Amino acid sequence: MAGYYEWNTALIEHVTHGAPVGSTVYLEVSDETLNRVGIQRWGSPPDNRTWREDFLATVQDNCTSGERVATDWLLSSTPQAPPLGVAFLGAMVLAASNMATDAQGQLHERNYFRRLSDVLGVPLGSQGRPPGLPTGAEEPLWRDWLVYLRSRGLDSTAKGGEGPRRFIAYPISQTLIPEGERRRLRRLISERGYPAGWDGETLASRLRADGLPSTKLRELLSRTGAAAEDVQMSLLDVLQGVHAAGEEQEEGHRLTLGARQLVAGLYREEHWRTGEAEYRLFPRQPRGIRLAEMAVHFSWGPEALKLERPGFYQPLGEVTPAELKAGMRYEVTGSPFIDALVLPARDYWVLRQDPEAQGLYASLGTPGVGEHLLLLLRDNLLADLQRFQEAELVYWPGRPEPLGDGWLEIRELMVIGNHWDEVPAGAARALHEALRPPGGVSVHLEGGVRAERGGAYLAGAAPAVRVMSFALDAHLRICRGDQEIFAASVPPGDVVRVPFDEPGTYDLVAESRGVQALRTVRVVGWEELRAASIELNGAGGTEVNGRRIWGAHVWEQ
């Protein structure tokens with residue numbers, strides 16, 4: 001049996017590895033989650049048990065005493081250390097994950113604590129909660145989890161409710177797609193024949209177009225911004241699970257994991273001499289998959305997958321206009337859980353400026369208000385895009401640049417209007433959804449020096465802040481922990497110099513006309529700066545008098 005600390009660490013890594021800085025995290029724990037974590041880490045479960053049974057036995061042995069819950073020892077004393085209560089919180093989420101939903105897709109909360117008592121192996125107390133877990137006793141554990149995620153540049157999605165639902169809402173909020181909805185989705189995907197090569201954005205758009213079977217799924221697909229990206233990632237997991245090898249009966253226990261696929265976006269560079277656009281694959285790091293030394297196999301040979309920043313691998317390969325049209329699938333070796341890298345066949349790509357490299361663009365999530373974008377699209381969508389421009393939804397200078405095979409580049413495109421509901425999507429429904437901003441305000445960071453690519457900023461070299469809004473006024477509030485360090489009205493578009501003087505996690509909240517946008521900035525001291533390792537080989541550097549020189553390194557030939 002895996003120990004409590006092992007399960008605790010495994011769940012933390014499962015939900016945080018592969019999460020880009022600034023993204024939100026769901027502590028989503030289900031039978032499928034436990035099976036995936038257990039198989040990847042320890043192989044087959046011991047003693048002919050399931051990994052769910054192993055997990056519950058461990059939690060019960062360590063978090064109960066007699067017929068009472070005992071969790072005082074789980075409270076963390078060091079904010080930067082991984083919190084000890086994650087496995088216990090995972091058991092609370094597990095109790096919610098299998099709860100039934102009604103016709104409106106809502107969870108029946110009245111039975112939650114009875115299910116939790118069953119999960120923990122204790123009787124239900126006279127107050128309607130497990131003995132030893134009085135009202136609100138679990139909230140400090142959720143707070144520890146939030147503090148830990150913030151220290152890593154991430155954000156928790158665990159939120160309390162109102163009134164008597166305050167504490168029940170925490171675990172229920174972590175079940176993004178309940179098991180009953182997952183079963184509906186699996187059947188729907190199979191019946192409609194959705195292919196494995198789609199990405200989450202394409203699947204979400206197609207589900208909206210083809211119709212949804214429940215209120216819960218309709219609510220999920222109405223979310224915007226980072227919340228929409230979370231939904232798309234979860235939908236993609238269901239899609240790939242349907243197509244993965246090794247799937248058994250829906251109600252049965254799987255003893256093996258089917259291989260998944262990595263999904264690639266695009267990374268756009270320009271040739272150093274000609275200035276011509278060059279597109280490369282930009283693979284997204286999967287969450288919930290343990291890292292391995294993997295390679296992608298192209299016609300010219302294998303290329304290693306190397307992490308570039310949290311959530312993404314280094315750009316690799318080359319993508320031609322013909323491949324953009326057809327989509328591509330490449331073999332991946334090195335991991336039993338990943339068998340391919342796919343570039344979805346799409347009619348458009350919305351690329352954002354890479355904050356780490358000026359002048360370069362990449363598939364980096366949902367754009368905010370006021371961003372200059374690069375739009376790559378098929379020429380059959382140009383008429384709809386021009387219609388959006390005439391309706392003053394978007395603007396771009398110059399003319400579309402042809403790339404060949406019916407592809408066009410729209411450079412320096414900006415979303416300038418927020419009245420998308422008033423303009424029909426026409427034949428460009430998916431593009432209409434992709435360009436539509438998630439809100440009327442966003443927070444942008446400019447400049448600064450990071451301790452590592454895509455990571456925290458160095459104290460004394462933090463970025464400037466710019467609030468963008470469709471309205472003419474905005475308010476910015478910045479807190480470090482419970483301390484407010486800045487609060488003022490700011491003109492949208494103006495640069496704000498913020499005193500990020502001390503290491504810590506800063507919450508930036510911009511508000512305009514009742515709409516809020518949150519951004520987290522993590523600042524670390526220079527003592528935390530780590531020297532990056534480089535790979536030296538005989539092919540690099542310059543040969544001088546029988547010696548090879550590469551930067552500060554000199555060695556004999």
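Leaving aside neighbours within four places in sequence, Y112 is in contact with M92, A95, A96, M99, I168 and P171, where contact means heavy atoms within 4.5 Å. Before I continue, please note that this is a predicted model, in which local features need pLDDT of at least 70 and side-chain atom pairs count only at pLDDT 80 or more, while totals for chains, interfaces and linings use all residues. Residues are numbered from 1 along each chain as its sequence is written, and side-chain values use heavy atoms, with hydrogens and water left out.

Y112 also belongs to the largest nonpolar core. That core has 76 residues, and F55, F88, Y112, W145, L266 and L281 touch the most other members. A nonpolar core here is a set of buried Ala, Val, Leu, Ile, Met, Phe, Trp, Tyr and Cys residues joined through side-chain atoms within 4.5 Å; buried means under 20% relative accessible area, exposed over 50%, and partly exposed in between, with a 1.4 Å probe and protein chains only. Helix α4 gives the most to this core, with ten residues. Helices (H or I, at least four residues) and strands (E, at least two) are DSSP runs, numbered from the N terminus.

I turn to helix α2, residues 31-42. At 1.5 Å a residue, its twelve residues should span 16 Å, and the end C-alpha atoms are 16 Å apart, which agrees; the expected span is 1.5 Å times one less than the number of residues. Is α2 mostly covered or mostly uncovered? It is mostly covered, as nine of its twelve residues are buried. Among them are E32, R36 and Q40. The buried residues of α2 pack against α1, α3, α4 (86-97), α8 (179-192), α11 (225-243) and β5 (260-270). Just after α2, G43 takes a positive phi of about 85°.

Strand β5 is the place of G265, a residue that is buried, with a relative accessible area of 10%. Not counting residues up to four places away in sequence, G265 touches R280, L281, F282, L343, W349 and S363.

Next, the aromatic pairs. Rings of Phe, Tyr and Trp (its six-membered ring) pair if their centres lie within 6.5 Å; planes under 30 degrees apart count as stacked, over 60 as edge-to-face and the rest as tilted. By this rule the count comes to 17 aromatic pairs. W7 and F55 form an edge-to-face pair, 5.2 Å centre to centre with 70° between the planes. W7 lies in helix α1 (residues 4-16) and F55 in helix α3 (residues 51-63), so the pair ties together parts that are 48 residues apart in sequence. Both W7 and F55 are buried. Y194 and W198 form a tilted pair, at 5.0 Å and 35°.

Finally, an open sheet of three strands has the order β20-β22-β25, with antiparallel pairing. β20 (441-446) and β25 (495-496) stand at the edges, each with a single partner strand, so one side of each is left without a neighbour in the sheet. Strand β22 (residues 464-469) pairs with β25 over two bridges; two strands pair if DSSP finds at least two bridges between them. The bridge partner of V465 in β25 is V496.
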